[in-house]
Amino acid sequence: MIVVPYHQDERLADGQLPVTGEVEVVQPDLPDGDIWRRLAALDDAAADRVAASVRAGGPTTVISGDCLLAMAALAGAQRAGVHPGIVWFDAHGDVHTLDTSTSGYLGGLSLRLLLGAHPELLAGPLGVQVVAEDRVVLVDARDLDPPEVDYLRSSSIRRSGVAELDVASLPDGPLILHIDVDVTDPGELPGLLFPAPGGPPATQVVAAARRILATGRVTVLDIACPWHPLADEHTHQIRADLLRDLLGARHA
């Protein structure tokens with residue numbers, strides 16, 4: 001299991017990603033400069049670890065504090081000679097560009113960057129071959145801004161709810177399964193950075209992940225945990241239980 005304890009280019013406090021077992025922590029020295037240069041360096045280091053794991057043939061799991069790390073999962077798979085499609089679980093669309101984002105939150109560009117937006121920022125420096133829209137399934141995405149609605153309406157990205165997800169609708173070949181934990185209803189998962197009410201229960205998310213993983217086609221399971229620092233022991237346990245269940249789905 002590869003743990004990248006960062007939210008964007010900021011190192012998270014120890015314990016903010018509550019996982020147990022054998023882990024490989026990626027925490028390179030990041031260069032001075034703007035955030036994109038620092039993110040490229042972080043992704044490059046994480047991608048090397050992902051590539052080594054994929055080449056070794058074992059289950060490859062990445063856990064981080066940010067959806068932007070999905071670029072490292074893609075880069076690593078491609079460095080190992082695998083060109084996966086993407087199944088993206090998220091309460092949000094993450095298909096903004098720098099021009100459409102009103103909040104300026106860079107995580108809102110995460111999926112769109114994999115599809116070719118702003119290649120000079122990450123995909124180019126990392127040598128990534130961007131993913132075609134028809135090789136992507138976006139799951140849930142209940143909280144969309146108007147520019148994201150417009151983009152998705154005209155794109156070839158397939159959409160699905162969590163409970164309705166049919167493995168027969170997944171892209172052919174190997175897959176990256178990306179799960180932003182905020183796809184879960186925030187009533188069950190306190191302390192999310194960007195809670196979006198009305199989501200599915202955690203049991204549905206885990207069950208859907210299990211169906212996808214059971215295909216045997218998931219090259220990288222990429223879990224993003226964009227939540228506030230630990231507030232209390234109860235919250236910590238809820239987070240740890242969710243991560244345990246998602247990780248357990250890989251071996252079910």
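Five of the five residues of strand β5 (residues 60-64) are buried, so β5 is largely enclosed by the rest of the structure. Buried means under 20% relative accessible area, exposed over 50%, and partly exposed in between (1.4 Å probe, protein chains only). Strands (E, at least two residues) and helices (H or I, at least four) are DSSP runs, numbered from the N terminus. Both faces of β5 are covered. On one side T60, V62 and S64 are buried; on the other, T61 and I63 are.

This is a predicted model: local features need pLDDT of at least 70, side-chain atom pairs count only at pLDDT 80 or more, and totals for chains, interfaces and linings use all residues. Residues are numbered from 1 along each chain as its sequence is written, and side-chain values use heavy atoms, leaving out hydrogens and water.

## Neighbours of β5

Strands of a sheet pair through backbone hydrogen bonds, either parallel or antiparallel. Here, two strands count as paired if DSSP finds at least two bridges between them. Strand β1 (residues 2-4) runs parallel to β5, joined by three bridges. I2 stands opposite V62 in β5. Strand β10 (residues 218-224) also runs parallel to β5, with five bridges between them. There, I63 stands opposite I223.

## The whole sheet

Eight strands form an open, parallel sheet in the order β4-β1-β5-β10-β9-β6-β7-β8. β4 (24-25) and β8 (158-160) stand at the edges, each with a single partner strand, so one side of each lacks a neighbour in the sheet.

Helix α1 (residues 35-56) packs on the sheet. It touches β1, β4, β5 and β10, where contact means heavy atoms within 4.5 Å. The direction of α1 makes about 175° with that of β1. Axes are lines fitted to C-alpha atoms, for helices over the stretch in contact, and angles run from 0 to 180 degrees between N-to-C directions. Helix α6 (residues 202-213) packs on the sheet too, touching β6 (85-92), β9 (175-180) and β10. Its direction makes about 170° with that of β9.

Which residues of helix α5 (residues 146-154) are buried? They are E148, Y151 and L152. Seen down the axis of α5, they fall within an arc of 95°, so they line one face of the helix. The arc is that of the directions from the helix axis to the C-beta atoms. The cover over them includes α3 (110-114), β7 (136-143) and β8. The face turned away carries the exposed residues P146, R153 and S154.
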